[in-house]
Amino acid sequence: MHEIQCSVGAFVTGPVPTVSTTEAVSAAIKIMKESGHAAVIAVDEEGLCQGILTERDVLNRIAAEGINPCSQRVSGIMTRAPLTLNADDCITYAINHMGVRGFSNLPLLDETGRPIGLLGIKDVARHLSGVFADLEQPDTSMTDLPEWIDVGGG
Amino acid sequence: MLTVLATTQLSDLRLRQPVLAQQSDSLSVVTQRMRDAGRGSTLILTDDGRLAGIFTQRDLIKRVDLCSKGWGDLPVCEVMTKKPVVLGIGASLGDALERMDAHSVRSLPVLDDEQRPVGLVSVRDALRHIAEHFPQDFINLPPEPSLEATGLYGG
């Protein structure tokens with residue numbers, strides 16, 4: 001199992017997708033579209049994480065309900081107090097939250113509660129794909145094989 | 001054990017039944033069907049039951065202007081992904097993860113030997129399967145990482 005384990009901080013790359021809780025949902029959609037992230041972290045005026053708004057929220061709470069995202073605030077449909085992780089936490093927690101509990105996006109926060117990254121299910125899938133690919137590589141590390149010893153015939 | 005996991009055939013996974021739609025179904029109908037089923041993607045079929053495309057919540061974000069009037073009346077075939085990346089039922093879990101990563105997608109239609117869709121495999125399906133095979137590593141965890149034991153306790 002050690003092959004899978006690593007800190008989730010290793011996946012913190014690029015700008016963090018955030019949106020103010022007071023902005024329209026359309027602003028969050030624009031960020032998701034342009035950044036390629038499947039979610040946006042909703043922050044207050046102090047930059048503290050207050051919630052998360054995901055593609056699934058847009059599907060279920062905007063599109064399927066026929067609501068105009070230009071006239072709905074992020075705070076109205078975001079998930080408040082989402083599950084989060086810190087950079088030092090092990091990816092096993094991400095696999096638990098995503099595979100077992102069904103969450104696809106996890107904000108990564110610093111010690112002040114401010115977002116430093118967003119871990120998506122694709123990030124975890126890429127990591128596992130790499131782990132499995134490494135399993136298929138032949139072990140070429142054994143270079144000091146013992147000499148052949150002829151013990152003769154019986 | 002990891003090798004066994006990587007070579008698990010898709011036919012051995014508990015694949016969820018996909019949401020299905022016809023090419024002419026409207027986006028409002030398809031999105032409501034996805035919401036009601038709790039799913040993030042829909043397989044779009046031809047009249048003879050073959051795969052015409054896939055429509056996902058990602059396609060909704062990228063290709064649909066939800067601020068415009070009448071978007072709900074658009075037929076799903078206008079915004080679906082045509083000729084999506086697929087997998088055969090004989091493929092493995094490792095193949096699925098590799099293909100999803102290579103094409104940057106989160107789910108793949110699974111086809112039988114006659115190229116008819118028989119299910120959908122998602123990253124979440126793969127993670128759940130892995131977690132179920134290593135419960136001590138992925139299921140039996142403290143509620144928070146900060147509560148993990150850092151040393152041995154007891155007398």
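**Entry 1: a helix pair across the interface**

I began where A:Ile95, A:Met98, A:Gly99 and A:Val100 of α4(A) meet B:Arg124, B:Leu127, B:Arg128 and B:Ala131 of α5(B). Contact here means heavy atoms within 4.5 Å. By class, I noted 5 nonpolar, 1 polar and 2 charged residues in this helix contact. Ala, Val, Leu, Ile, Met, Phe, Trp, Tyr, Cys and Pro count as nonpolar, Asp, Glu, Lys and Arg as charged, and the others, Gly among them, as polar.

I then looked up the geometry. The axes of α4(A), residues 91-100, and α5(B) come within 8 Å and cross at roughly 120 degrees. Axes are lines fitted to C-alpha atoms over the stretch in contact, with angles from 0 to 180 degrees between N-to-C directions. Helices are DSSP runs (H or I, at least four residues), numbered from the N terminus.

**Entry 2: conventions**

I am working with a predicted model: local features need pLDDT of at least 70, side-chain atom pairs count only at pLDDT 80 or more, and totals for chains, interfaces and linings use all residues. Residues are numbered from 1 along each chain as its sequence is written, chains are lettered from A and ligands numbered from 1 in the order written, and side-chain values use heavy atoms, without hydrogens and water.

**Entry 3: the whole interface**

I looked up the extent next. Chain B gives 41 residues to the contact and chain A gives 43. About 3800 Å² is buried between chain B and chain A, 67% of it from carbon and sulfur atoms. Buried area is the accessible area (1.4 Å probe) lost by two parts on being put together, summed over both.

**Entry 4: charged pairs**

How many salt bridges lie between chain B and chain A? I found 4. The term needs a side-chain nitrogen of Lys or Arg within 4 Å of a carboxyl oxygen of Asp or Glu. In one of them, A:Glu55 pairs with B:Arg58, with the closest N and O atoms 2.6 Å apart.

**Entry 5: the chain B side**

I checked which helix of chain B supplies the largest share of the side touching chain A: α5(B), with 6 residues. I sorted that side of chain B into 21 nonpolar, 8 polar and 12 charged residues.

Methods. Helix = DSSP H or I, 4+ residues; strand = E, 2+ residues; numbered from the N terminus.
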